[in-house]
Amino acid sequence: MSEENSFLFAEYAKPVAKRGKNKSMRILLILCYILFAGGYAAFFAAITVPQVIALLPVFVWMLVYFTWEIVNYECCVRVESGKVVFLKLKGKKEKEFYSFHARDILFACPYNEAGKEKIAEAAVPKTMDFRADPKQAGYAAVLSGANGTTLIRFECTVAVANAMRYYNKEVLVDKEFLSL
């Protein structure tokens, strides 16, 4: 049976928010496209070969096609066979950010006020953020590893939290908080 058909498989993906660093990168890319088009047109108009300017839309399309994926992707969390994986999805391409086994979770809970208090008691030195939108509260997991404890913040659904809970009973599932 494939992993996607298993009862212990869960996945949640969300497009990255158009805020903060992502928004400024989008604006920078658009300005680069405009600068390229203006420079290309000015160069060929200056050397008196304006016929080549007819190819400008093709070059701008190629530039956008190969560079826009830098700012247009999805953040994904996947639980399969006891392993939690954080991915960046760009179309059909997947790039793994980070992964760990669910049994390494010391505790996991919704990242709300009560969760923040519990995390503060644990005094976690290292933090990783895999949320698509940093303004969303999300979910938090504290892991034990070779480098000490790590706090990981991410967005998930009840299905993902239940899949992690199957492999580790320290994972708390708050259905009201996780309803998306």
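Serine 81 sits in the loop between strand 2 and strand 3; helices (H or I, at least four residues) and strands (E, at least two) are DSSP runs, numbered from the N terminus. Its phi is near 50 degrees, a positive value in a residue other than glycine. Serine 81 is partly exposed, with a relative accessible area of 48%. On this scale, buried means under 20% relative accessible area, exposed over 50%, and partly exposed in between (1.4 Å probe, protein chains only).

Threonine 48 also has a positive phi, about 55 degrees, although it is not a glycine. You'll find threonine 48 in the loop between helix 1 and helix 2. With a relative accessible area of 62%, threonine 48 is exposed.

## Ground rules

Keep in mind that this is a predicted model: local features need pLDDT of at least 70 and side-chain atom pairs count only at pLDDT 80 or more, while totals for chains, interfaces and linings use all residues. Residues are numbered from 1 along each chain as its sequence is written, and side-chain values use heavy atoms, with hydrogens and water left out.

Four strands make up an open sheet with antiparallel pairing, in the order 1-2-3-4. Strand 1 (10–15) and strand 4 (93–101) are at the edges with a single partner strand each, so one side of each has no neighbour in the sheet. Neighbouring strands here are turned by 15 degrees against each other on average, direction ignored; the axes behind that angle are lines fitted to C-alpha atoms (for helices over the stretch in contact), and angles run from 0 to 180 degrees between N-to-C directions.

Strand 1 and strand 2 (residues 74–80) run antiparallel and are joined by six bridges. For two strands to pair, DSSP has to find at least two bridges between them. Alanine 13 has cysteine 76 in strand 2 as its bridge partner.

## Strand 5 and its partner

Strand 5 (residues 105–110) has five of its six residues buried, so it is largely enclosed by the rest of the structure. Strand 5 pairs with strand 7 (residues 139–145) in the antiparallel sense, over five bridges. Here cysteine 109 stands opposite alanine 140 in strand 7.

## Salt bridges

The count comes to seven salt bridges, taking a salt bridge as a side-chain nitrogen of Lys or Arg within 4 Å of a carboxyl oxygen of Asp or Glu. One of them links glutamate 155 and lysine 14 (3.1 Å, N to O). Glutamate 155 lies in the loop between strand 8 (148–154) and helix 4 (158–167) and lysine 14 in strand 1, so the pair ties together parts that are 141 residues apart in sequence. Glutamate 155 is buried at 9% relative accessible area, whereas lysine 14, at 22%, counts as partly exposed.

Glutamate 69 and lysine 93 meet in another salt bridge (3.4 Å, N to O). Glutamate 69 is in the loop between helix 2 (56–67) and strand 2, with lysine 93 in strand 4, so this pair connects parts 24 residues apart in sequence. Then there's aspartate 129 with arginine 131, where the closest N and O atoms are 2.8 Å apart. Aspartate 129 is partly exposed at 33%, while arginine 131 counts as buried at 12%. Finally, salt bridges that share partners join Glu11, Arg78 and Glu94 into one network.

## The largest pocket

The largest pocket has a volume of about 440 Å³. On a 1 Å grid over the protein atoms alone, a pocket is an open set of points with protein on both sides within 12 Å along at least five of seven lines, a cavity is a set where a 1.4 Å probe fits but cannot get out, and lining residues have an atom within 4 Å of a point. Grid points are joined across faces, edges and corners, and a volume is the space filled by probe spheres set on the points.

This pocket is lined by 19 residues, with Val16, Lys21, Asn22, Tyr73 and Arg131 lying nearest its centre. Helix 1 (residues 20–46) gives the most to the lining, with four residues. By class, the lining has eleven nonpolar, two polar and six charged residues. Ala, Val, Leu, Ile, Met, Phe, Trp, Tyr, Cys and Pro count as nonpolar, Asp, Glu, Lys and Arg as charged, and the others, Gly among them, as polar.

## The cavity

The structure holds one cavity of 30 Å³ or more, and about 80 Å³ of space lies in the largest cavity. Of the 13 residues lining the largest cavity, Cys75, Cys76, Val77, Phe130 and Glu155 lie nearest its centre. Strand 2 provides the largest share of this lining, three residues. The lining divides into ten nonpolar, no polar and three charged residues.
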